[in-house]
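Q: Could we go through this structure together, feature by feature, with the general idea before each case?

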Amino acid sequence: MNHGNRSTGPIQSPHLPLGDRRDAPFYGRDILEVAQFRRADLQHVFGVAREMREMVTRVGSFDLLKGKILANLFYEPSTRTASSFYAAMERLGGSVIPINEVRYSSVSKGESLPDTVRSLECYADVIVLRHPELGAAKEAARYARKPIINAGDGIGEHPTQALLDLFTIVEEAGRIDGLTVTMLGDLKNGRTVHSLARLLSMFDVKLRFVSPDSLRFPEKIRDELKEQRIAFSEHGDLEEVLSQTDVLYVTRVQKERFEDPQEYKRVQGAYVINNETLDRARPTMVLMHPLPRVGEISMEVDSDPRAAYFRQMEYGMYVRMALLAMVLGKA
Amino acid sequence: MNHGNRSTGPIQSPHLPLGDRRDAPFYGRDILEVAQFRRADLQHVFGVAREMREMVTRVGSFDLLKGKILANLFYEPSTRTASSFYAAMERLGGSVIPINEVRYSSVSKGESLPDTVRSLECYADVIVLRHPELGAAKEAARYARKPIINAGDGIGEHPTQALLDLFTIVEEAGRIDGLTVTMLGDLKNGRTVHSLARLLSMFDVKLRFVSPDSLRFPEKIRDELKEQRIAFSEHGDLEEVLSQTDVLYVTRVQKERFEDPQEYKRVQGAYVINNETLDRARPTMVLMHPLPRVGEISMEVDSDPRAAYFRQMEYGMYVRMALLAMVLGKA
Amino acid sequence: MNHGNRSTGPIQSPHLPLGDRRDAPFYGRDILEVAQFRRADLQHVFGVAREMREMVTRVGSFDLLKGKILANLFYEPSTRTASSFYAAMERLGGSVIPINEVRYSSVSKGESLPDTVRSLECYADVIVLRHPELGAAKEAARYARKPIINAGDGIGEHPTQALLDLFTIVEEAGRIDGLTVTMLGDLKNGRTVHSLARLLSMFDVKLRFVSPDSLRFPEKIRDELKEQRIAFSEHGDLEEVLSQTDVLYVTRVQKERFEDPQEYKRVQGAYVINNETLDRARPTMVLMHPLPRVGEISMEVDSDPRAAYFRQMEYGMYVRMALLAMVLGKA
């Protein structure tokens, strides 16, 4: 959101209907990266998300954002994330303009991202942006008058995913401080686990990274964790840490990440969670996955109360409802 | 909708807002196939559909399903059916998440149908599913907590089409019992006529099947009709039965169904309905077609009061409104 | 909208909810071309558009079209126009069925435009149509019972764009009579400037056409202007008219319009507006562009108060809100 000089003229300002709480925290702010959240911010977001859940459970939807329009601008397809924001906005009584076909449309015919965003904000009150390029969300926010919510920009950030992951942990485990969180799978390419680790580093947690050697957690973020004095360790075998794990975060192991197909086969099999795995895990362990899964968690596990990954999706809707309400000054 | 064991945890149950009539018939049920409907069920659906029509005619839309969200999950394109459900939900005050691009999205990247459905039901209250594979709707319903409405699964069922066809007959002809219903065209591949014949077999009707020899009504369903003691006969020429027909249901004759292009040309011409045909038909005959047509009914017929095919589409919206309201416990 | 004979039957009439003002001007009418608007009509549209802007600014949206459904039928992609109508309808409390995938869907599989339109109007109260073929909107309107709004039919018309352009001029310049309006760029192929010139010819304006010789304003429309006794002149260089220009309307110069790539390069550079250009322009000049731009206006100009092109998009939403409300009898 651009707070600097802007062109003036007969249309002076963004739509600020009566009743907007301009003094509310996050009002008018962009959601671009996890680094913008402090511990108190997280508590505030989660508090609002809990209210959202309460209201959805009781009445399905309500009219908090009636009259507000979200432009759901997806330069690459992500049905899951797009649907989550769509439902979040609709359950708040707002409307959604879905823009999924960017690749075919005039929007993509040489028009710059700043122009597209400044065009859409003529119609919408908030823009959710998914873009394949690193830094796209910041670029958009530099030009936009309305709030931009980053729904993933390439290998960059996907802050609402990280927030919903953390919200899932606190709701399922009842706390964050004191937990041992184990991340499993492709820890090199998983944008999700990088952001979550950064958020967790604001709390008193132990982190365990379990991956094949070729897919280790990036050194850069490990260095950040050291600076934050977060206790972490790296492992090749889940068994080394399973029994002490409070939260097990499983990631997709994608074939295309491997240079050697043989290694993929070996690794893939070694990191599958099934009922046998859970037999050796804590009875209160929280099992998470960002979905979609492609075999990393066996379907037999789904009926285990510890399987939290579908609930994780539902928590995601509440977190996105909270963020939308907050940036629009209604929470 | 899965009523068996499911994982428990902090999120306990599907959204059951205050005021849902859990004792209502069809509440929480899936709509998968015509065989699940008894005669009394049909009367109930049609009664609700009539109320829907009354309300749409008077006020356009109303807030019966306010706060409810429909996920319109289409694995293959069907603008007509998708739009019908879309309008039905919106006219009931609910919201729709359109998911049309499954082939491009992460949903299709190896994710199983059960996982996709269980993800979407985290956001939505009911799922309409169109899928190219036989049995997909049942598979989805086995895993889903929320109601699944089958909007066509390959060569399988398309129950809401059959219900709207039957509703059209009763509204246009004033009754079902005692009617002679003639089905014309490709009776072998037409999913629509198979389901409609099954529904009609619950009533006291005479059926006339008119098709080229290579596209006869399937023996399996003919045997079912015999068991039900339904009077039917097969013909090659419409003239044999036109004068006794109360309802003429015309189907598409698709070129790609013919091995011999010459036969297609011959057949296609022989089954075109025009004003001359109608001159020899009963003045009260109801002329139906599931649409889109590709020449089977001449456009000159459109202004004849007997041409019911566009009204048939409108009846479809009312039937779908009724079904949505019923499975969500609001009718 | 077809007012002639139509089939009758149990469903008699389009949805005419209580409270529709059937005596309102434009009620039930199609919006097909600029020629259907008289000066008084324009004033009426702009008056309603101003009310829309006032209401959006104050409360974001309102329920004027609650219960109404718009089918947004786009046979070719145009994210910008589709989003504008989408937002317009939603801000009026109505709903939108987006139909963007016509090329994949059954709609396009040989179904005629009249059939598609008559199917969709079973669900919707108004249809916005974008189609690649000249005359498509008129063809659709000939068959439809519900109002058709032309959102561009090939090289034909795009009347709502012309109306929003004119509304931008009157709102930004405070008047139309007495203005000198300069059109710059590809004046041969620009559907936008043709329609705008026709609308402006109802007022007391001076027109200046600046283009390369190969992309001159069409003789046919120049002849129309002569008949209307509109003062205009043609130029190759903007400098000849810049200092006397009240409104500068810049159009895209598309590479594919040029037979000689060298000429494109030369022309493209010669028609770029930057801060240096604006230094020599009137301090109150209104700088417009239909967007998307591909370099014709330098981004450095965006912060100049005279840059009206993003506000132009916002005005577009108000004009479309006005038109939707008017054809649905609510304004």
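Q: Which residue is the bridge partner of C:Asn72 in S3(C), and how is strand pairing to be read?
A: Two strands pair if DSSP finds at least two bridges between them, and the elements themselves are DSSP runs numbered from the N terminus, with helices as H or I of at least four residues and strands as E of at least two. In this case the bridge partner of C:Asn72 in S3(C) is C:Val128, and strand S1 (residues 69-74) of chain C pairs with S3(C) in the parallel sense over 5 bridges. S3(C) also pairs in the parallel sense with strand S4 (residues 148-153) of chain C, over 4 bridges, and there C:Leu129 has C:Asn150 in S4(C) as its bridge partner. The model is a predicted one, in which local features need pLDDT of at least 70 and side-chain atom pairs count only at pLDDT 80 or more, whereas totals for chains, interfaces and linings use all residues. Residues are numbered from 1 along each chain as its sequence is written, while chains are lettered from A and ligands numbered from 1 in the order in which they are written.

Q: Why is S3(C) described as largely enclosed, and which way do its residues point?
A: In a regular strand the side chains alternate between the two faces of the sheet. Here C:Val126, C:Val128 and C:Arg130 point one way from S3(C), and C:Ile127, C:Leu129 and C:His131 point the other way. A residue is buried if 20 or more other C-beta atoms, placed from the backbone, lie within 10 Å of its own, exposed if 12 or fewer do, and partly exposed in between. Because 6 of the 6 residues of S3(C) (residues 126-131) are buried, the strand is largely enclosed by the rest of the structure.

Q: Which elements make a β-α-β unit with S3(C), and of which hand?
A: A crossover is right-handed if, with the strands pointing away from the viewer, the path from the first strand over the helix to the second runs clockwise. S3(C), helix H4 (residues 136-143) of chain C and S4(C) make a unit of this right-handed kind.

Q: At what angle do helix H1 (residues 39-59) and helix H5 (residues 159-173) of chain A pack?
A: Axes are lines fitted to C-alpha atoms, for helices over the stretch in contact, and angles run from 0 to 180 degrees between N-to-C directions. H1(A) and H5(A) pack at about 75 degrees, with their axes 11 Å apart, and are therefore roughly perpendicular (65 to 115 degrees; under 35 is roughly parallel, over 145 roughly antiparallel, and the rest oblique). With contact taken as C-beta atoms, placed from the backbone, within 7 Å, A:Leu42, A:Val45, A:Phe46 and A:Ala49 in H1(A) meet A:Leu163, A:Leu166, A:Phe167 and A:Val170 in H5(A).

Q: What do the buried residues of helix H3 (residues 113-120) of chain A pack against?
A: Since 7 of the 8 residues of H3(A) are buried, the helix is largely enclosed by the rest of the structure. The buried residues, including A:Asp115 and A:Arg118, pack against strand S1 (69-74), strand S3 (126-131) and helix H4 (136-143) of chain A, together with helix H2 (79-91) and helix H10 (309-327) of chain C.

Q: Where does C:Pro292 lie, and what kind of peptide bond joins C:Leu291 and C:Pro292?
A: C:Pro292 lies in the loop between strand S9 (286-288) and H10 of chain C, and the bond joining C:Leu291 and C:Pro292 is cis, with omega about 0 degrees. C:Leu291 has a positive phi of about 60 degrees although it is not a glycine, and counts as buried, with 21 C-beta neighbours inside 10 Å.

Notes
Contact = placed C-beta atoms within 7 Å.
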